[in-house]
Amino acid sequence: MDYNLSNFRDDAFGGITAAVVALPLSLAFGVASGLGAIAGLYGAIAVGFFAAVFGGTNTQISGPTAPLAVAISVVFISTGESLTQTLTVAVLAGIFQILIGALRLGSYVAYTPYPVVSGFTTGVGGIILFVTTLPLLGREHALGGALAAVQAWPEAAPKANVSALILGVVAIGVSILWPRRLRTLLPASVVALIVGTLLGMTVFTDAPVIGTVPTGMPEIVFPSLTLDTLTSSAVPAITIALIASINSLLTALVADSMTGDDHNPNRELIGVGMGNVVAGLIGAIPGAGATTGTAANIKAGGRTRVSGVICAAIILALVLGIGRYIDRIPHAVLAGILAKVGFDIIDWRFFSRFRYIQREHFLVMLITVGFAVFVDLVTAVGIGLIAAALTTARQFEVLELDSIVSVPLLDTAFLGNLLDDDGDDFDMFSARVGLVSLRGTFTVASAKRLTTSLGLDIREHEVVILDFSETLYVDPSAAQLVGRLIDTAMAENTECVVMGLEGHAKTSLEAFDVLRRVPKDHYADTLDEARGLANSLLDKPS
């Protein structure tokens, strides 16, 4: 479209609004990550700018998010609080994201099952609620995650800083009670930050504060390129890349639903990946699509990439201009804002509908939550995907078995009354031919059960017709199943007729050569042709 002054005005309003929303959250995520408040602001600038310019979503605002703040804090602790190695992980994560996008795998990332996504985000929300308890008590963040926070409670509770606790409660209260009709003018998190900081500067002055924050442009932090560092950084980098990718693409879907646009997932991952590479090089935490900032941008009028650029530029200007004032912000205020964020990202709707959700899906969600909170995010995603795959396999097994038709074909109906010459030995219920029709899709989910159930049917006939005319898809496991069914038939001296084999089913079965024992003249295109073959195999006239 033609870009004009009116478009710029809308984008400017959107970018300014998004920047106001992103500022307190970026500070909070930076502190929660262990890398410091300025790392969160730098992340908002780097990821926000590159994702806006090179990404695949016109209205998405990118920057630090809760899942990535938690993930990078885990990396920071696991590396012995080594800033260089942590930032190396961030750079590698960005590179992996670029590769995922360049290889056009972005659309596959979005296939992550919803129970896993729900469990992951809920787990992140739970972790945030746990780790913010310590700064609310006037203590430092527990970078070891939820368990580290819980272990620190007995020591922290008796030494609680009352001023910090009050400021934290005020921040939470303002975040919850700020009128909804005023949030378009001034977000609740900004009001909480202002009110809490003013109270901390004037009344509750003994509450711990952020302290000295570097000002000016960031310095380049070169990653460690030794073989040992790169090897140890690969797994956490891949994990962060996947988390950032899922986070970004889910937010892009939200943006599409609000604007009617259609995002490019691969380009989006390339843009965010570039931002994360730069973030790692300037000492910032990695980022992804931020749902709150994106929604604020769209509601305020932002419709093009310019709004994201303006958002990043405003945060940069704020960093250069107000950096010296950030040091007076109490930790408890940021913890209160973060606690509200953690509470909001928990998937309460999933819990509220647990009576109506299939038990297996709810169990997958709970497993993912448990591993996310009490083990780590890497394991949570892996175990969650495995559990979801097993659950899906069970569902497919039922659906695929329901798509099987295995019936005896009465001689009188299928072949005609061919034995009624003398009338004495004729069995009107004789069914020497059986039909096995595989309709739809067949995968590893149903392979074992199909072998057991169909094998019994095949043994009862002299000729079996394997009907593939309505088969849409056959995976390698199901293809091997067909081979075993044919072997079963041959072992029982049952002749096989293959009918309607074409398309993907033909390609898959021929690739594994499972039909090698079926003679070439045992193939038919239609049921009439199959009837003729069955007649000839039974030594009856066609």
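These legends cover close-up views of a predicted model. Local features need pLDDT of at least 70 and side-chain atom pairs count only at pLDDT 80 or more, while totals for chains, interfaces and linings use all residues. Residues are numbered from 1 along each chain as its sequence is written, and side-chain values use heavy atoms, with hydrogens and water left out.

**View 1. Helix α12 spans residues 265–281.** Helices are DSSP runs (H or I, at least four residues), numbered from the N terminus. α12 has 17 residues and reaches 24 Å from first C-alpha to last. That is close to the expected 24 Å, taken as 1.5 Å times one less than the number of residues. Of its 17 residues, 12 are buried, so the rest of the structure largely encloses α12. Buried means under 20% relative accessible area (1.4 Å probe, protein chains only). Among the buried residues are P265, L269, V272 and V277.

**View 2. The two ends of α12.** At the start, a side-chain oxygen of N264 comes within 3.2 Å of the backbone nitrogen of N266. G283 follows the helix, with a positive phi near 80°.

**View 3. The largest nonpolar core has 83 residues.** Such a core joins buried Ala, Val, Leu, Ile, Met, Phe, Trp, Tyr and Cys residues through side-chain atoms within 4.5 Å. Those with the most contacts inside it include L27, F29, I240 and L377. Helix α1 (residues 5–33) gives the largest share, 11 residues.

**View 4. Around L377.** Leaving out residues up to four places away in sequence, L377 touches P67, V70, A71, F120, V124, I127, I243 and A372. Contact means heavy atoms within 4.5 Å.

Methods:
Buried < 20%, exposed > 50% of the residue type's maximum accessible area, 1.4 Å probe, protein only. Polar contact = N/O pair within 3.5 Å; in protein donor to acceptor, adjacent residues only side chain to side chain.
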